[in-house]
Amino acid sequence: MKKLLTAAAVGAGIIMMMAPVVQAEELHFVMCGGEVREADQKVIDTFLANNPDVTVNMEAVPWGTCQDKSMTLAAAGDPVSLAYMGSRTLKQLAQNDLIVPVEISEEEQASYQPGILNTVSSDGKYWGFPHAFSTKALFINCQLIEDAGLPCVGPKTWTGLYNMAKAVKDNTGIAGIGLAGKDFDNTMHQFFNYLYSNGGSVINADTNEITLNSPQTVETLELYGKLLDVAQEGPTAFERSQIKALFNDGKVAMYIQGPWGRGAHKAGMKVITVPVPAGPSGVSGTLLITDSIAVFNGTGHEDTAMELARALSSGEAQYDLDSSWGLTPIKQYENGIVDKPYYENDDYWKVFVDPIGSGGPEPMFVDFKSLQTSINSMIQGMLLGEDSAENLVAIAAEELEEFK
Amino acid sequence: MQLLRRLMPRKGLHSTKFFAWVLIAPAAAYMCLIVAWPLVETIRLSFTNSGLGIEDYVGFANYEKLLSSRKFPDTIGRTFYWMFLSVGLKLILGLIGASLLAANLKGKAAFRVLVMPPWIVPIAIGCIGWLWLYNGHFGILSGVLQNLGIIDGPFEFLAYKNSAFYSAIVTDVWIGTPMITIFLLAAIQNVPRDLYEAAYIDGASRWYRFRRITMPQIMPMFASMALLSAIWTFNSFEIIWILTEGGPRGGTTTLIVDTYKTAIANYKYGQGATRAVLIVAILAVFSLLYLWLVNKVNKKYGDEK
């Protein structure tokens with residue numbers, strides 16, 4: 001009996017050793033924003049159905065900690081397979097060999113809106129698949145403008161913007177414009193909307209030369225100093241979502257927001273959306289800001305992760321996401337991808353789509369956190385009246401040299 | 001006892017020493033693991049440019065950069081000001097609170113419980129409450145000041161350097177005072193009653209009794225609390241971080257907040273470690289001061305007199 005049992009055990013062991021080894025691949029996918037959107041989930045489900053040996057461990061993490069999590073895991077030698085995160089992180093990750101460059105076919109490249117690929121390129125390579133895109137516009141509460149005795153027509157220039165905001169402040173006592181000044185990413189983003197509408201720039205992507213210290217930046221910062229008198233009290237305590245709350249409460253007449261603003265405002269408000277007014281040295285522009293899917297280095301299944309990332313950002317899948325989420329179209333879907341895209345012949349979307357060509361990208365810096373710190377410090381210095389615009393711009397430009 | 005005898009050394013001093021080392025080895029290993037190793041690693045990191053995916057030795061470059069930074073002297077000055085002001089207020093309010101709670105009032109047990117919540121409530125929850133209070137447009141403080149006619153419009157307490165700094169101090173004092181109150185109350189209750197009775201019979205006033213009996217008697221506890229509170233306040237991070245994240249424009253950035261921003265938020269682990277080493281050095285000096293001062297106080301007022 002004992003011999004029989006021993007023989008059975010040995011036999012079972014041999015059979016197990018001879019059985020074909022099926023090595024399942026598990027992709028760890030970090031999705032910044034705290035949720036996995038239905039459009040993305042659909043693509044992931046299809047991908048899993050086509051690749052039965054692959055599993056995808058989705059982890060939706062809020063924006064506040066998401067990028068830090070993915071970057072720290074990569075630095076610690078335990079990278080996630082792929083992550084949807086802000087494109088501003090890509091250069092730093094690329095320089096430290098933590099992500100792999102992605103191949104985007106010429107056909108795919110041609111399908112993107114102008115300027116989009118600049119937000120993910122560095123050293124002649126693409127470091128992520130652009131997956132979400134936004135431009136910005138000025139939202140105006142017409143009720144407050146009319147209460148101030150003005151017709152609700154969007155201002156075309158900074159002078160017009162200031163005059164309108166001042167009229168609201170003087171005649172109603174309500175803040176004419178909302179300014180973001182808290183130490184937060186959208187404080188910097190808001191500033192870039194004005195800067196790009198005044199012909200300014202931060203860095204020359206081709207030469208890597210800092211171009212911030214220019215008359216255009218000084219003029220933009222001076223505009224902030226001027227708007228301070230007609231903005232909400234204490235802008236340095238506000239970031240964009242808090243200004244949105246004030247706008248909804250009728251405590252701010254105008255503010256800059258992305259296309260999702262339409263769905264975020266109170267029902268029944270009479271709101272118009274117009275392009276960001278042009279500065280004295282430029283034409284109306286916008287910040288072109290994207291989030292991307294990056295594939296991390298050192299996981300052993302970069303190719304599989306790349307395949308999933310490509311599927312998520314391909315034509316119709318990407319259209320599903322943009323249209324369902326209400327984002328500025330990241331691709332020119334009208335060119336053979338979709339028959340009648342959601343933004344075509346739509347006055348609201350025209351405001352967000354038309355300025356794409358004149359917009360500027362979110363600057364690619366190796367140390368993007370320090371970029372934000374320096375730009376926000378410059379803005380706060382103006383809002384707190386601590387220095388002249390010229391000095392603040394010069395200091396920020398000098399600091400940026402270290403972070404590019 | 002039999003077991004101990006069996007374990008005890010049989011041959012000479014050498015074995016005794018060995019046995020002593022065996023006894024302290026677990027504690028020593030534990031200390032090495034949780035204190036010594038992280039400390040040594042932090043010191044080592046401070047001599048590197050450690051960041052995302054890189055780590056090379058850079059000598060004293062991080063220290064030179066830190067000490068030549070134009071913001072660093074402000075940060076150090078602000079940290080000490082934050083510490084002295086906050087600790088001073090906590091001690092004064094704690095002493096007043098302890099004296100009042102020590103009074104023989106009806107329902108004093110209830111008052112003693114009521115003083116605890118700021119200490120018991122999780123700091124994050126308390127700070128979020130204060131965030132609402134300080135909000136200029138929706139907060140109660142700004143609303144009350146407007147209703148009283150003291151200000152003519154909303155005031156954002158956290159939007160300006162000075163008001164943000166003092167607002168953070170108020171929150172820190174609110175959170176830190178109950179513990180000092182309870183400890184000082186315990187010290188006051190240990191003061192022998194016959195001292196007060198003798199002074200009362202001699203005609204000493206209430207203030208005189210407080211000054212000449214209560215204060216000297218609780219001085220060892222008072223000194224200990226002062227220095228412990230100084231160390232905790234110096235390293236107080238979460239209150240500032242939740243309220244202002246060190247802003248606006250660095251107006252509430254203390255050394256510990258600067259360290260977090262550098263090492264964790266900006267991924268500059270080497271430079272962050274340099275700041276951490278500096279904090280250890282400063283707190284080591286404080287610890288020495290603490291031991292020296294407590295020793296002095298004990299000699300002057302305590303049992304050794």
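Here is a tour that goes from the whole model down to single residues.

**Before you click**

This is a predicted model, so local features are described where pLDDT is at least 70 and side-chain atom pairs count only at pLDDT 80 or more, while totals for chains, interfaces and linings use all residues. Residues are numbered from 1 along each chain as its sequence is written, and chains are lettered from A and ligands numbered from 1 in the order in which they are written.

**Stop 1: colour by confidence**

Colour everything by pLDDT, the predictor's confidence in each residue, from 0 to 100. Chain A averages 91, with 94% of its residues scoring at least 70. Now select residues 15–22 of chain A, where the pLDDT is below 50. Beyond near neighbours in sequence, this stretch has one contact in the model; two residues are in contact if their C-beta atoms, placed from the backbone, lie within 7 Å. Where pLDDT is low, the predicted coordinates should not be read in detail. Chain B averages 89, and 94% of its residues score at least 70. The model as a whole has an ipTM of 0.83 and a pTM of 0.86.

**Stop 2: chain A**

Show chain A by itself. Its C-alpha atoms fill a box of roughly 100 × 45 × 40 Å along the principal axes. Switch to cartoon and look for 16 helices and 13 strands. Helices (H or I, at least four residues) and strands (E, at least two) are DSSP runs, numbered from the N terminus.

How much of chain A is buried? Of its 404 residues, 48% are. A residue is buried if 20 or more other C-beta atoms lie within 10 Å of its own, exposed if 12 or fewer, and partly exposed in between, with the C-beta atoms placed from the backbone. Among the contacts in chain A with a separation of 6 or more, 77% link residues 24 or more positions apart.

**Stop 3**

Where they meet, 14 residues of domain 1 are in contact with 15 residues of domain 2. On the domain 1 side, α4 (90–95) and α14 (347–353) of chain A each supply at least two residues. That side divides into five nonpolar, seven polar and two charged residues. Here Ala, Val, Leu, Ile, Met, Phe, Trp, Tyr, Cys and Pro count as nonpolar, Asp, Glu, Lys and Arg as charged, and the others, Gly among them, as polar.

**Stop 4: Ala83(A)**

Zoom in on Ala83(A), in strand β3 (residues 82–86) of chain A. Ala83(A) counts as buried because 31 other C-beta atoms lie within 10 Å. Not counting residues up to four places away in sequence, Ala83(A) touches Val30(A), Ser70(A), Ala294(A) and Phe296(A). Try the distance tool: the C-alpha atoms of Ala83(A) and Pro235(A), 152 residues apart along the chain, are separated by 33 Å.

**Stop 5: where the chains touch**

Bring chain B back. The contact takes 20 residues from chain A and 20 residues from chain B. On the chain A side, the elements giving two or more residues are α3 (63–75) and α15 (368–383). The largest share, five residues, comes from α15(A). By class, this side has six nonpolar, eight polar and six charged residues.

**Stop 6**

Select Gly247(B) and Pro248(B), which are joined by a cis peptide bond with omega about -5°. Pro248(B) sits in the loop between α12 (238–243) and α13 (255–265) of chain B.

Next comes Tyr267(B), in the loop between α13 and α14 (269–301) of chain B. Tyr267(B) is not a glycine, yet has a positive phi of about 60°. Is Tyr267(B) buried or exposed? With 23 C-beta neighbours inside 10 Å, Tyr267(B) counts as buried.

Finish at Asn208(A), in the loop between β8 (203–204) and β9 (209–210) of chain A. Asn208(A) also has a positive phi of about 60° without being a glycine. Asn208(A) has 13 C-beta neighbours inside 10 Å, so it counts as partly exposed.
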